[in-house]
Amino acid sequence: MRAVYYEAFRGPVAIEEVPDPVTTPDGVVIRVMATGVCRSDWHGWMGHDADIRVPHVPGHELAGVIESVGAEVQLWQPGDRVTLPFVCGCGGCPQCASGNHQVCDHQFQPGFTHWGSFAEYVSIQYAETNLVRLPESVDFVTAASLGCRFATSFRAVADQGRIARDQWLAVQGCGGVGLSAVMIARAMGARVIAVDIDATKLELARSIGATACIDATASPDVAGEIRELSGGGAHVSIDALGSPNTCFNSIASLRKRGRHVQVGLLPPEERDARVPTGLVVANELEILGSHGMQAHRYPQMLEMIVAGTLQPERLIGRTIGLEEAPEALVTMDRFGGAGVTVVKTPGTSRPAIGTGKHPIQE
């Protein structure tokens with residue numbers, strides 16, 4: 001099969017012919033119809049993720065059609081239209097038993113722990129626990145855009161942030177995660193303040209429901225401006241970018257007993273961001289992480305999409321072919337363009353998938 005492939009962190013990325021993936025007993029092989037290009041893939045290529053071993057095929061936001069199923073799989077069959085979370089829980093550890101598959105002790109992550117979806121086919125383990133059936137009305141490109149950013153934002157806003165109608169949500173960074181958070185919070189009746197350094201992204205945030213927008217390059221005190229606009233501070237604030245500055249501003253913008261949700265990943269050299277601990281203690285602030293979303297939480301999100309309450313397709317900036325994916329991956333740090341980039345693959349079926357073996361799995 002053809003796949004986006006690199007042999008060294010920060011090294012050349014190219015389209016290569018690689019062995020077809022294996023169908024594991026508890027898994028499936030999916031014919032990839034579309035896959036999102038995410039900043040997390042860039043972090044992986046940079047060597048920021050300890051789970052990745054080179055050579056590697058990135059990609060973790062995917063939608064497609066099941067090509068083959070393992071002997072232990074009962075609930076799925078070839079031809080089913082599916083997507084899945086980027087964190088796949090094993091289904092048997094204490095975290096999964098409590099419903100928290102997103103922090104599974106033995107998690108499978110396509111594009112990180114194993115080869116990913118920047119390819120014609122991808123092998124997925126723990127299929128019974130993690131596959132999500134796609135409604136016919138949700139196309140593959142839209143479904144792929146949900147995989148990491150939109151689903152992660154859904155959980156960050158609804159479950160971790162616990163946003164409520166008429167509350168204020170501040171969103172630091174209007175990339176894919178941030179714009180998703182704006183849309184989701186507005187659909188839930190919240191008022192949203194969007195922060196970014198790019199006027200185009202702020203305009204898109206406003207068009208999908210942001211109550212107010214702040215250009216961080218023009219504001220001497222982003223946190224103070226949020227507190228003023230919201231009448232005392234945000235009830236919930238999300239760092240959707242991942243930098244010491246956005247993390248600090250997110251926490252400092254909260255009202256008393258507010259909740260900060262950290263979604264954006266900080267690079268290794270900035271991992272220990274400065275936190276205003278005086279405010280955290282005095283105002284009884286909550287600091288929460290958010291890492292993906294469990295498959296069993298997808299139905300509520302999909303119901304809202306089918307009903308038109310959520311319109312993630314509006315966040316898709318451009319659709320590219322597999323040949324364009326290497327350049328899109330290595331330039332993710334340049335913050336160019338607004339919206340989500342999705343790779344649309346040919347989706348050509350061929351027989352005998354599952355007879356090959358990834359060298360990384362040997």
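The legends below describe close-up views of a predicted model.

**Figure 1. Confidence along the protein chain of the predicted model.** The average pLDDT of the protein chain is 93, and 95% of the residues score at least 70. Over residues 348-362, by contrast, the pLDDT is below 50. Where pLDDT is low, the predicted coordinates should not be read in detail.

**Figure 2. The packing of helix α4 with helix α5.** Two packed helices are described by the angle between their axes and the distance between the axes. Helix α4 comprises residues 140-160 and helix α5 residues 176-187; their axes come within 8 Å and cross at roughly 50 degrees. α4 is therefore oblique to α5. The crossing in which α4 passes α5 is right-handed. On the α4 side, the contact is made by Arg149, Phe150, Ser153, Phe154 and Val157. On the α5 side, it is made by Gly176, Val177, Ser180, Ala181, Met183, Ile184 and Ala185. Sorted by class, the contact of α4 with α5 has eight nonpolar, three polar and one charged residues.

**Figure 3. The packing of helix α4 with helix α10.** Helix α10 spans residues 298-307 and packs with α4 at an angle of about 100 degrees, the axes lying 11 Å apart. The two helices, α4 and α10, are therefore roughly perpendicular to each other. From α4, the residues Leu146, Gly147, Phe150, Ala151 and Phe154 make the contact. From α10, the partners are Tyr298, Gln300, Met301, Leu302, Met304 and Ile305. The contact of α4 with α10 has nine nonpolar and two polar residues, and no charged ones.

**Figure 4. Polar contacts of the side chain of histidine 114.** Histidine 114 is found in the loop between α2 (94-97) and β6 (121-124). Its side chain makes a polar contact of 2.8 Å with the side chain of threonine 113. The side chain of histidine 114 is also joined to that of glutamine 125, by a polar contact of 3.5 Å.

**Figure 5. Backbone features at proline 55 and arginine 162.** Most residues other than glycine have a negative phi, and most peptide bonds are trans. Valine 54 and proline 55 are joined by a cis peptide bond, with omega about 5 degrees. Proline 55 is located in the loop between α1 (39-46) and β4 (61-69). Arginine 162, a residue other than glycine, has a positive phi, near 55 degrees. Arginine 162 is placed in the loop between α4 and β8 (168-172).

Technical notes
Residues numbered from 1 in each chain as written. Predicted model: local features only at pLDDT ≥ 70, side-chain atom pairs only at ≥ 80, totals over all residues. Heavy atoms only, no water. Axes fitted to C-alpha atoms, helices over the stretch in contact; angles between N-to-C directions. Helix = DSSP H or I, 4+ residues; strand = E, 2+ residues; numbered from the N terminus. Parallel < 35°, antiparallel > 145°, perpendicular 65-115°, else oblique. Left-handed = near helix turned anticlockwise from the far one by under 90°. Contact = heavy atoms within 4.5 Å. Nonpolar A, V, L, I, M, F, W, Y, C, P; charged D, E, K, R; others polar. pLDDT = per-residue confidence, 0-100. Polar contact = N/O pair within 3.5 Å; in protein donor to acceptor, adjacent residues only side chain to side chain.
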